[in-house]
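The sequence and structure are shown first.

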Amino acid sequence: PDAIAIAPDGTMAVVANRSSGTVNLVDLVTRKLTKTIRVGSEPAAVVISRSGLNAYVASFGSSTVTPITLATGLAGYARHVATGAAALGLDEAGKYLVVASRSANAITFMALPGLKQTHLVRLKAPTGIAVQPNGRFGWVTTNTGALKQLRLVTFTVGPAAIKVGTN
């Protein structure tokens, strides 16, 4: 397993398995695997919507994002994104999925629910994303040792980076 997301009610986990190109749905109440779903090549990140109805899986190898309806365990149509999808974030309002694509040096904004790409922001080697509770800002880590602010309202990268180390 390479990534995990927990449903807001705490009853389900979605676990990404990079080597098999699958995700597992796990019932955390019964502690049982309920379904294995094939997604793109090398799933590297997963997030669950605030409603708990959907999960989104970023696959590094196929450069796709796959939506999953959690109630049915069915995968939707995988959407292509910039090369090397490595991390995901959701804005607080649930309007945008934010995808960090390390190989393409890009952050892609995808409108929900349809996963239509709306904005592309250039940023060198993004590796992780976290969204602040206010939903206006996110923070992106890079493999160059930088922490950069992401303005979710204007789809821009903030002021100077904060040095946090290197990989």
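Predicted model: local features only at pLDDT ≥ 70, side-chain atom pairs only at ≥ 80, totals over all residues.

Strands of a sheet pair through backbone hydrogen bonds, in either a parallel or an antiparallel manner. Strand 1 (residues 3-6) runs antiparallel to strand 2 and is joined to it by four bridges. Within this pair, isoleucine 4 has valine 15 of strand 2 as its bridge partner. Strand 2 is also antiparallel to strand 3 (residues 22-27), with six bridges between them. Here methionine 12 is partnered by aspartate 27 in strand 3.

Both pairs form hairpins, which are set out in the table.

| Hairpin | Residues between the strands | Glycine with positive phi |
|---|---|---|
| Strand 1 and strand 2 | five residues | glycine 10, about 75° |
| Strand 2 and strand 3 | four residues | glycine 21, near 70° |

In a regular strand, side chains alternate between the two faces of the sheet. In strand 2, Met12, Val14 and Ala16 point one way, while Ala13, Val15 and Asn17 point the other way. Six of the six residues of strand 2 (residues 12-17) are buried, that is, under 20% relative accessible area. The strand is therefore largely enclosed by the rest of the structure.

Four strands form an open sheet in the order 10-11-12-13, with antiparallel pairing. Strand 10 (85-90) and strand 13 (116-122) lie at the edges with a single partner strand each, so one side of each has no neighbour in the sheet. From one strand to the next, the twist averages 25°. Six bridges connect strand 12 (residues 106-111) with strand 13 in the antiparallel sense. Isoleucine 107 stands opposite valine 121 of strand 13.

Key. Residues numbered from 1 in each chain as written. Heavy atoms only, no water. Buried < 20%, exposed > 50% of the residue type's maximum accessible area, 1.4 Å probe, protein only. Helix = DSSP H or I, 4+ residues; strand = E, 2+ residues; numbered from the N terminus. Pairing = 2+ DSSP bridges. Axes fitted to C-alpha atoms, helices over the stretch in contact; angles between N-to-C directions.
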